[in-house]
Amino acid sequence: TLTQAEKAAVTTIWAKVATQIEAIGVESLERLFASYPQTKTYFPHFDLSQGSVQLRGHGSKVLNAIGEAVKNIDDIRGALAKLSELHAYILRVDPVNFKLLSHCILCSVAARYPNDFTPEVHAAWDKFLAGISSVLTEKYR
Ligand code: ZNH
């Protein structure tokens with residue numbers, strides 16, 4: 001669980017990210033597919049060309065879900081319960097991919113807000129994303 005200082009750091013960087021949901025969402029997915037092409041296999045039905053309508057839509061959905069977790073930072077499990085079931089029972093995304101996507105989200109945020117991305121914010125944001133990933137993968141059998 002996050003300390004008070006870590007929660008504050010997450011909330012602070014999120015205030016910036018929230019103004020750029022779509023751009024950061026798309027960039028994170030583009031980084032994911034470019035660096036880890038095997039992740040594209042989950043999206044055979046998507047047009048994955050740069051800035052496609054589907055990439056923008058999905059990028060926004062992922063980042064908005066992270067926003068819900070920020071708003072419910074003391075109950076991330078409750079806030080993401082439905083998404084957790086979706087990923088475990090329907091999408092069946094291999095848990096290793098969550099680390100990859102988290103890394104790409106982290107890079108996108110760092111690249112956009114280099115001055116805000118202090119070592120403390122980096123550490124807190126990384127821990128927060130890891131918490132989201134463990135919630136989204138905990139229902140796997
Ligand atoms: Zn996921 C979907 C979030 C990770 C894959 N996702 C989704 C959605 C959301 C999300 C919000 C939508 C839902 C509805 O619609 O209802 N994810 C998320 C998050 C995360 C994730 C937050 C982390 C952080 N995913 C992931 C990964 C993968 C995925 C890692 C692989 C690689 N997802 C997915 C898919 C889908 C989703 C495939 C479906 C899409 C469509 O649309 O079809």
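Me: How confident is the predictor in the residues of this protein?
Reply: The model is predicted, with a mean pLDDT of 97 for the protein. On a scale from 0 to 100, 99% of its residues reach 70 or more. For the complex, the predictor gives an ipTM of 0.99 and a pTM of 0.97.

Me: Why is G67 called partly exposed?
Reply: Burial needs 20 or more other C-beta atoms within 10 Å, and exposure 12 or fewer. G67 has 15 C-beta neighbours inside 10 Å, so it counts as partly exposed.

Me: Where does G67 lie, and what does it touch?
Reply: G67 is part of helix α3. Not counting residues up to four places away in sequence, G67 touches W14 and A18. G67 and I21 are 46 residues apart in sequence, while their C-alpha atoms are 9.1 Å apart in space.

Me: How do you know that the length of helix α2 agrees with its number of residues?
Reply: The expected span is 1.5 Å times one less than the number of residues. For the 15 residues of α2 (residues 21-35) that gives 21 Å, and the end C-alpha atoms are 21 Å apart, so the two agree.

Me: Which residues of α2 are buried, and what do they pack against?
Reply: I24, G25, V26, E27, S28, L29 and L32 are the buried residues of α2. They pack against α1 (4-17), α3 and α6.

Me: What makes up the largest nonpolar core?
Reply: This core has 27 residues, of which V10, I13, L80, W125 and I132 touch the most other members. At least two residues each come from α1, α2, α3, α4 (76-79), α6 and α7. The largest share is that of α7, with seven residues. In general, nonpolar side chains tend to be buried together in soluble globular proteins.

Me: What is I13 in contact with, leaving aside its neighbours within four places in sequence?
Reply: The contacts of I13 beyond those neighbours are V109, Y113, D116, V121 and W125.

Me: Which residues come nearest to the ligand, and which elements give two or more residues to the shell around it?
Reply: Y42, K61, A65, N97 and L101 come nearest, out of 20 residues around the ligand. Two or more residues of the shell come from each of α3 (53-71), α5 (81-91), α6 (96-112) and α7 (119-137). α3 gives the most, five residues.

Conventions: Residues are numbered from 1 along each chain as its sequence is written. This is a predicted model: local features need pLDDT of at least 70, side-chain atom pairs count only at pLDDT 80 or more; totals for chains, interfaces and linings use all residues. A residue is near a molecule or strand if its C-beta atom, placed from the backbone, lies within 6 Å of it. Helices (H or I, at least four residues) and strands (E, at least two) are DSSP runs, numbered from the N terminus. Two residues are in contact if their C-beta atoms, placed from the backbone, lie within 7 Å. A nonpolar core is a set of buried Ala, Val, Leu, Ile, Met, Phe, Trp, Tyr and Cys residues joined through C-beta atoms within 7 Å.
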